[in-house]
Amino acid sequence: MIVRPVALTDLPALLYLARCAGPGFTSLPANEERLAHRIRWAQRTFAGQVERADADYLFVLEDDDRQVVGISALTGAIGLREAWYNYRVGMTVSSAPALGIERRIPTLFLNNEMTGQSEICSLYLHPEQRYAHNGRLLSLARLLFVAEFPQMFGEKLIAELRGHADEQGCSPFWDSLGRHFFKKDFSYADQLSGMGNKSFIAELMPRQPLYTCLLTEQAQAVIGKAHPNSEPAMRILNAEGFSHKGYIDIFDAGPVIEAAVSDIRTVRDSRALTLSIGTPDAQAPFWLIHNRRLESCRVTSARAHQHGHSLLVDRLTAKRLQVQPGDTVRAVPLPKRGPQAVAA
Amino acid sequence: MLALRPVQLTDLPQLQRLARESLVGVTSLPDDTERLRQKILASCASFEADVQSPGGESYLFVLQDQESGCLVGCSEILASTGCNEPFYSLRNRPFSSESRELNIQHGVPALSLCQDLSGQTLLRGFHIDAQRVRTSQSELLSRARLMFIAAHPRRFAESVITEIVGFSTEDGQSPFWDAIGQHFFDLPYVEAERLCGLQSRTFLAELMPQYPIYVPMLPPAAQACIGRVHPDGQEAFDILEREGFETNSYVDLFDGGPTLHARTANIRSITLSRLAIARQSPEIDARGRFLVSNDGLGSYRAIVAELDVRADGPVGLSPDMLVALGVTDGEPVRVVTL
């Protein structure tokens, strides 16, 4: 398995994955024209032809038979071309000690605080491929890419995890809040937002803080809660140092998790090493390895040994990475086996 | 005969009885001896004060049975809101939700805490014995305040407002309170209203939400309370509506009851009342019922009487009426059709 930049020839595979992912996966709509546009845009991004504000690094996970089985993405910066909104869950205190009144009311504050940060998004792994290191490879490859090219990204990486919605695509949070201002179903708003209209919808919403006690109980219960399908992806990122600091999606209240780039385990612990070829023993730990290239970027996971400034891998790994002995790679030990990323 | 007059300290026990019987939402009538004593003293001081422009003065009136001495109702005027403490209301105005890109434009009603109604004269504390509801006496109790304003315009503001008690159930549940205030106070409605009467109302208002409350987010039962009158507050509403008062976009922050307002100069009892010379008449050829008052201050009196009132010229009053009004033959009285 390797992670590499998307190519125009991947279009049929992407369409297939988009259909598997279903309509809830709004950032990967099963629409040929739009997918083709996104691929072309990603190619220009990897070619260094777009500004950071427009950069969309779209990766695919490909097996040794050249089958594309997963997708993940990374943006250069959010909120620079159109406003990026989140709610921050803050607190209002209603206090009158003389009357014994002391109420703490979680309050939602609309903000653009994530402006200029980079987002990891659009992760989908085909259900049949959710084994071994595939999920972590697909997710963490993006972090290793950031470690190699930090100047192309913001100080923080964020991920908006999908919030709670039922099988019919109803979101209790949307029904209690957004619907009153947009007057349409969540699934429609979600679709529009996948098509890049999110800020328009956000601008229909009130700018002033909102008391959560005025939301329905069902809505209050899902604030900052990730959809069960997003939990594995969240756990992978949590293990990397991502955490939820109170920011949520304005539509479905899913958590926004964040980490300073320099604090991310994969970034912090990765190092540039000289590649050597040999036979790592069967107990050697798994590493995540990047060939340090931009347009012809390759990332894979393999058993490897570090000896001083060199990293010993087998011939197949070197071939997957398109590197020769003596080339440098960026590598980091893969964390112990954890959950599989499914969608984020 | 019943006559309305300024309250005196000796009225305290009877006033407390009225306070006890008054509607929960009438917070200006707390069932608390000390608070009522303070109210009476404040009222007495206001009647005696030399006032050049409206301030925090309060004028408390009682309706008394002349024969038995029994008090059957009370009503009050606050010269100007927001003088001694901020006067809060909820403003109900649409929040405009608009997107040119999505071709959407609609208004979402939102309630916002405000002090927009500061600097206006406030009618409050209206309570009458249950058996006298919807009689000429309750009309007297409410409208005699307007006659008083007509007699002393300098003491009052250019507009007059009143807050009508909002809907609550017989067991004291207010759906509006339960949806909003309850979250910020953790107190039942009745208890909150009681505290309002005892503590400063402002004090509690300042615990209320400072950010807008969007009406569609409220439960339907709470939405239905916005601007809805308590059944027992309907008469107070109707009397003032006939006087030319209108509802506006402001509601009470605790129970969602409506606010009525009118330009002082446009209030019916003020524009249509006129001064006439009183003539003692042993027999009156009654042609209709009128409210009659003197233009006094501490000696202010008002009654309902069946009279023969012409467009101009003196008005004949019986000796009883003259006594009740505290005027003698040849002195002016103010009259208006009931």
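Student: Which elements do the buried residues of α9(B) pack against?

Tutor: In this predicted model, they pack against four stretches of chain B: β6 (121-128), α3 (136-151), β7 (159-163) and β10 (258-263).

Student: What makes Ala236(B), Ile239(B) and Leu240(B) count as buried?

Tutor: The cut-off is 20 or more other C-beta atoms within 10 Å of a residue's own. Those three residues of α9(B), the helix at 234-242, are classed as buried, so each of them meets that cut-off.

Student: How do you know that the buried residues line one face of α9(B)?

Tutor: Look down the helix axis: the buried residues fall within an arc of 90°, so they sit along one face. Just after this helix, Gly244(B) has a positive phi of about 105°.

Student: Why are the buried residues of α1(B) said to be on the same side?

Tutor: Leu15(B), Leu18(B) and Ala19(B) are the buried ones in α1(B), residues 12-21. Their arc around the axis is only 100°, and therefore they share a side. Their packing partners in chain B are α2 (33-48), β2 (58-65), β3 (71-78) and β6.

Student: How many residues of chain A are in contact with chain B?

Tutor: There are 22, and they meet 21 residues of chain B. The largest share of chain A's side, three residues, comes from β5(A). By class, that side has 14 nonpolar, five polar and three charged residues.

How values were computed: Residues numbered from 1 in each chain as written. Chains lettered and ligands numbered in written order. Predicted model: local features only at pLDDT ≥ 70, side-chain atom pairs only at ≥ 80, totals over all residues. Buried ≥ 20, exposed ≤ 12 C-beta atoms within 10 Å, placed from the backbone. Helix = DSSP H or I, 4+ residues; strand = E, 2+ residues; numbered from the N terminus. Arc of directions from axis to C-beta. Contact = placed C-beta atoms within 7 Å. Nonpolar A, V, L, I, M, F, W, Y, C, P; charged D, E, K, R; others polar.
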